[in-house]
Amino acid sequence: GTWVALQSPAWSPPVAPLAAAVGEVVRARVLGVLRRAYSALTPSRAAALLGLPEPEAIAFALGAGWQQASASGLLSGGAAQAQVLLPSQAEHLERLSRYMMHVEAEPEPEADSADPWANP
């Protein structure tokens, strides 16, 4: 799915940092949605939804202010908080936006009659 694609080693060197930045932003937003959607969440479910191995998902959630019950191991996000866009995330999004504008501004190559995917 999404996490596999974002973590794929197939990204070209210029695009790989952008894919990583998009992954960070999406993961932070998913955690915000989880905070609003669940009062408690198992670490395995959090890991699946965040696209991380379970220990990393726990660390990510705890780093974002979540708490883990010692008896049950459940994660709880507490009251929903406003998400703050960190400067590094904003910089990555700005770079991604500039890249996408550049890609969209490039002229399309001439259609090749041997190319089955070319527009008729």
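Accessible areas in these entries come from the Shrake-Rupley method with a 1.4 Å probe.

**Entry: the whole protein.** I began with the overall surface of this predicted model, and I noted that the protein exposes about 8,300 Å², of which carbon and sulfur atoms supply 60%. I then looked up how much of the chain is covered, and found that buried residues make up 22% of the 120 residues in the protein.

**Entry: the elements.** I listed 5 helices and 2 strands, and reading from the N terminus on I wrote their order down as α-α-α-α-β-β-α. For the contacts with a separation of 6 or more, I recorded that 54% are accounted for by residues 24 or more positions apart.

**Entry: Arg-27.** I asked which side chain of opposite charge is nearest to Arg-27, and I found Glu-56, 7.1 Å away, while Arg-27 itself is buried and has no salt bridge. A salt bridge would need a side-chain nitrogen within 4 Å of a carboxyl oxygen. Leaving aside its neighbours within four places in sequence, I noted that Arg-27 is in contact with Trp-3, Gln-7, Leu-50, Gly-51, Leu-52 and Phe-60.

**Entry: a patch on the surface.** I finished with Tyr-99, Met-100 and Val-103, which form a nonpolar patch on the surface and together have about 230 Å² of accessible area. Val-103 lies in helix 5, which I traced over residues 87-105. I also asked why Val-103 counts as partly exposed, and the reason I wrote down is that its relative accessibility is 36%, since partly exposed is the class between under 20% for buried and over 50% for exposed.

Conventions: Residues are numbered from 1 along each chain as its sequence is written. This is a predicted model: local features need pLDDT of at least 70, side-chain atom pairs count only at pLDDT 80 or more; totals for chains, interfaces and linings use all residues. Side-chain values use heavy atoms; hydrogens and water are left out. Patches are made of residues with over 30% relative accessible area and no salt bridge: like charges are joined within 9 Å, nonpolar side chains (Val, Leu, Ile, Met, Phe, Trp, Tyr) within 5 Å. Helices (H or I, at least four residues) and strands (E, at least two) are DSSP runs, numbered from the N terminus. Buried means under 20% relative accessible area, exposed over 50%, partly exposed in between (1.4 Å probe, protein chains only). Contact means heavy atoms within 4.5 Å. Lys and Arg count as positive and Asp and Glu as negative; His and the chain ends are not counted.
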